[in-house]
Amino acid sequence: MRKVLLTGAAGRIGSAFRQQTGDRYALRLVDRRAGAIGDADGHEVVEANLADLAVCRQVCRGIDTVLHLAGDPSPTADFYESLLDNNIKAAYNIFRAAKDQGCRRVIFASSIQTIEGYPLDTQAHPEMPMKPMNMYAAAKGFGELMAHYFAYAEGLSSIAV
C-alpha cells in the first residue's frame with residue numbers, strides 16, 4: 001500500500017481526501033492542530049510545525065507521495081504573522097524534505113487566485129504569468145515555482161493542482 005503524507009489533514013480538503021481515499025493508502029496525517037483531525041481510522045497522526053525543516057524531514061521519512069494542502073487559506077492573512085511560516089517556509093520545507101528523504105512525488109495544492117488579476121473576459125493559459133491580487137495568492141505562486149524548481153533542477157516529480 002502506497003504511503004502518503006497528507007499535510008493540512010484537519011482542513012476541509014484534507015478531511016475530504018482522507019474520507020474518500022483512506023482505504024487505498026497508508027496515510028500519515030499531519031496538521032498543526034492534530035486534535036482537529038478527529039477519527040483517523042487507524043492512520044498515523046502527527047502534529048507538526050512545517051516551518052521547521054527538521055520536522056518536515058521527519059514527517060517525510062518513509063513516504064512515497066506527499067499531498068501538501070497545509071497553509072493559511074485566508075486571502076487577508078498577514079504576511080509576517082502567518083503566510084511567511086505557514087505558506088512560504090512550509091512549502092519550501094516540504095519540497096526540500098521530500099527530495100532529501102527520497103519521496104517519489106509532491107502534489108502541491110495551489111489556488112485559482114494566482115491568476116485572479118486577469119480581466120473576467122480573459123482566459124488564462126499556462127504560459128501566461130501569474131497575476132495574484134493578494135499575498136495569499138502570491139504565496140501560492142511561490143509554491144508553484146517550488147514545484148517547478150524541484151521537478152526540473154532536482155528531479156523530484158512535482159505537480160501543482
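Start by selecting H68, A70, N86, N87, A91, F108 and K140: together they line the largest cavity. A cavity here is a set of points on a 1 Å grid over the protein atoms alone where a 1.4 Å probe fits but cannot get out, and lining residues have an atom within 4 Å of a point. You're looking at a predicted model, where local features need pLDDT of at least 70, side-chain atom pairs count only at pLDDT 80 or more, and totals for linings use all residues. Residues are numbered from 1 along each chain as its sequence is written.

Stay with the cavity for a moment. About 40 Å³ of space lies inside, the volume being the space filled by probe spheres set on the points. Colour the lining by type and you get three nonpolar residues, three polar and one charged, with Ala and Phe counted as nonpolar, Lys as charged. Now pick helix α3 (residues 79–100), which gives the most to this lining, with three residues; helices are DSSP runs (H or I, at least four residues), and strands are runs of E, at least two.

Next, show the sheet. Six strands form an open, parallel sheet in the order β3-β2-β1-β4-β5-β6; two strands pair if DSSP finds at least two bridges between them. At its edges sit β3 (44–47) and β6 (157–160), each pairing on one side only.

Zoom in on β4 (residues 65–68) and β5 (residues 105–108), joined in the parallel sense over four bridges. Click V66, and its bridge partner in β5 is V106.

Key: Side-chain values use heavy atoms; hydrogens and water are left out. On a 1 Å grid over the protein atoms alone, a cavity is a set of points where a 1.4 Å probe fits but cannot get out, and a pocket is an open set with protein on both sides within 12 Å along at least five of seven lines; lining residues have an atom within 4 Å of a point.
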